[in-house]
Amino acid sequence: MASYGIDLITGLPYIISDDTPEVIITAPTATESEATFGIDIVTGEPYVVNDANEIPIQQAGHDLSYTHTQGVPSTFWTVSHNLGKHPSVTVVDTAGTEYEGEVTHIDNNNLTLTFSAQFGGYAYCN
């Protein structure tokens with residue numbers, strides 16, 4: 001079990017392991033002046049928001065993930081996840097219905113999704 005928090009001086013998220021009473025991570029991928037840091041109230045995991053896009057933070061013992069929001073319905077979604085890998089992708093519409101589409105990994109940080117019908121929703125990359 002780990003404890004999550006925000007350092008009150010630096011504003012950076014951190015994780016403290018029960019096994020090791022020291023900070024496991026503190027480094028976000030954006031500078032303090034460019035980003036807002038917080039703890040997700042649902043998952044309890046730290047995050048950093050930069051220019052209205054979630055930037056993943058690597059956690060000790062956890063894989064990186066990214067959530068893409070497709071606000072404008074489309075058959076073609078472009079996702080810049082910046083995960084440094086070819087992630088698995090789960091897509092749901094705004095009602096939570098899961099959809100299957102064609103995933104094309106452009107490189108380790110970008111992918112496209114192609115669907116037979118237009119809709120908006122979320123692409124969960126892990």
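Guide: Two strands count as paired if DSSP finds at least two bridges between them. Keep that rule in mind for this predicted model.

Visitor: What makes β10 and β11 a pair?

Guide: Five bridges join strand β10, residues 102–107, to β11. The cut-off is at least two, so five bridges qualify the strands as a pair. The two run antiparallel. A hairpin joins β10 to β11 through two residues. D107 stands opposite N110 in β11.

Visitor: Which elements make up the chain as a whole?

Guide: There are eleven strands and zero helices. From the N terminus on, the order is β-β-β-β-β-β-β-β-β-β-β. Buried residues make up 32% of the 126 residues. Among contacts with a separation of 6 or more, 52% link residues 24 or more positions apart. The chain exposes about 7,700 Å², and carbon and sulfur atoms supply 49% of that area.

Visitor: Why is the pair of Y99 and F119 called stacked?

Guide: Two values decide it. The ring centres lie 4.3 Å apart, and the limit for a pair is 6.5 Å. The planes are 25° apart, and under 30 degrees counts as stacked. So the pair is stacked.

Visitor: What does this pair tie together?

Guide: Y99 lies in strand β9, residues 98–99, and F119 in strand β11, so the pair ties together parts that are 20 residues apart in sequence.

Visitor: Is F119 buried or exposed? And what is Y99?

Guide: F119 has 10% relative accessibility. Buried means under 20%, so F119 is buried. Y99 has a relative accessible area of 34%. That value falls between the 20% and 50% limits, so Y99 is partly exposed.

Visitor: What kind of aromatic pair do F115 and F119 form?

Guide: Their centres are 4.8 Å apart, with 65° between the planes. Over 60 degrees counts as edge-to-face, so that is the label for F115 and F119. F115 is buried, at 8%. The structure holds five aromatic pairs. W77, Y99, F115 and F119 form one aromatic cluster.

Visitor: Which residues make up the largest nonpolar core?

Guide: Twelve residues in all: L64, Y66, W77, V79, L83, V91, L111, L113, F115, F119, A123 and C125. β7 (66–80) and β11 (110–125) are the elements that give two or more residues to this core. The largest share, six residues, comes from β11. As background, nonpolar side chains tend to be buried together in soluble globular proteins.

Visitor: How do you know that A123 counts as buried?

Guide: Its relative accessibility is 0%. The limit is 20%, so A123 is buried. A123 lies in strand β11. Its C-alpha atom is 6.3 Å from that of V89, 34 residues away along the chain. Beyond four places in sequence, A123 is in contact with Y66, T67, H68, W77, V89, T90, V91 and L113.

Visitor: Why does T112 count as buried?

Guide: T112 has 10% relative accessibility. That is under 20%, so T112 is buried. T112 also sits in strand β11. Beyond four places in sequence, T112 is in contact with F76, W77, T78, E102, V103, T104 and I106.

Visitor: Which residues is C125 in contact with, leaving aside its neighbours within four places in sequence?

Guide: L64, S65, Y66, V79, H81, L83, P87, S88, V89 and L111. C125 is also one of the core residues.

Terms used. Residues are numbered from 1 along each chain as its sequence is written. This is a predicted model: local features need pLDDT of at least 70, side-chain atom pairs count only at pLDDT 80 or more; totals for chains, interfaces and linings use all residues. Side-chain values use heavy atoms; hydrogens and water are left out. A nonpolar core is a set of buried Ala, Val, Leu, Ile, Met, Phe, Trp, Tyr and Cys residues joined through side-chain atoms within 4.5 Å. Buried means under 20% relative accessible area, exposed over 50%, partly exposed in between (1.4 Å probe, protein chains only). Helices (H or I, at least four residues) and strands (E, at least two) are DSSP runs, numbered from the N terminus. Contact means heavy atoms within 4.5 Å. Rings of Phe, Tyr and Trp (its six-membered ring) pair if their centres lie within 6.5 Å; planes under 30 degrees apart count as stacked, over 60 as edge-to-face and the rest as tilted. Accessible areas come from the Shrake-Rupley method with a 1.4 Å probe; for residues, only the protein chains shown count as cover.
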